[in-house]
Amino acid sequence: LSEMLLSAANEKDTYADMQTLGSNLAVEVDAYIGRMVLPLARLSFIGHSLGGVIARACLAHPVMQRYHSKLFTYCSLGSAHLGYQ
């Protein structure tokens, strides 16, 4: 059984700093996992453009530390991890 979260944590505040956006996502993911009926087996993130950078910031957040052993996939598509010019 697979579940998918389409994040809404940052929809209204896309101009915040990356640490805040990552924190918002981490809190949302943690709350979602807490509401799951079955125990978490694997955790994957897929992000496009800024979403890939936000997902990376989320994974670095302390609340996500407990899920690192469950991390299965991190996929970022067209994300500017080294900035842009």
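**Figure 1. Helix 1 from end to end.** Helix 1 covers residues 18–35, and its 18 residues reach 26 Å from the first C-alpha to the last, close to the 26 Å expected at 1.5 Å a residue. That expected span is 1.5 Å times one less than the number of residues. Helices (H or I, at least four residues) and strands (E, at least two) are DSSP runs, numbered from the N terminus. This is a predicted model, in which local features need pLDDT of at least 70 and side-chain atom pairs count only at pLDDT 80 or more, while totals for chains, interfaces and linings use all residues. Residues are numbered from 1 along each chain as its sequence is written, and side-chain values use heavy atoms, with hydrogens and water left out. At the start of the helix, look for a side-chain oxygen of Asp17, which reaches to within 3.1 Å of the backbone nitrogen of Gln19.

**Figure 2. The buried residues of helix 1.** Leu21, Gly22, Leu25, Ala26, Glu28, Val29, Tyr32 and Ile33 are the buried residues of this helix. Here buried means under 20% relative accessible area, exposed over 50%, and partly exposed in between (1.4 Å probe, protein chains only). An α-helix has 3.6 residues a turn, so residues three or four places apart point the same way. Strand 1 and helix 2 are among the elements that cover these buried residues.

**Figure 3. The largest pocket.** Its volume is about 1000 Å³. Of the 33 lining residues, Glu3, Met4, Leu5, Ser44 and Phe45 are the closest to the centre. Helix 1, strand 1 and helix 2 each give two or more residues to the lining, and strand 1 gives the most, with six. A pocket is an open set of points on a 1 Å grid over the protein atoms alone, where a 1.4 Å probe fits, with protein on both sides within 12 Å along at least five of seven lines; lining residues have an atom within 4 Å of a point. Points are joined across faces, edges and corners, and the volume is the space filled by probe spheres set on them.

**Figure 4. Ser49 in its loop.** Ser49 sits between strand 1 (43–48) and helix 2 (50–59). Although Ser49 is not a glycine, it has a positive phi of about 55°. With 34% relative accessibility, Ser49 counts as partly exposed.

Figure 5. The structure holds zero disulfides (pairs of cysteine sulfur atoms within 2.5 Å). For Cys58, the nearest cysteine sulfur is that of Cys75, 15 Å away. Cys58 is buried at 0% relative accessibility, whereas Cys75 is partly exposed at 27%.

Conventions. Contact means heavy atoms within 4.5 Å. A polar contact is a pair of N or O atoms within 3.5 Å; within protein, one must be able to donate a hydrogen and the other to accept it, and residues adjacent in sequence count only if both atoms are side-chain atoms.
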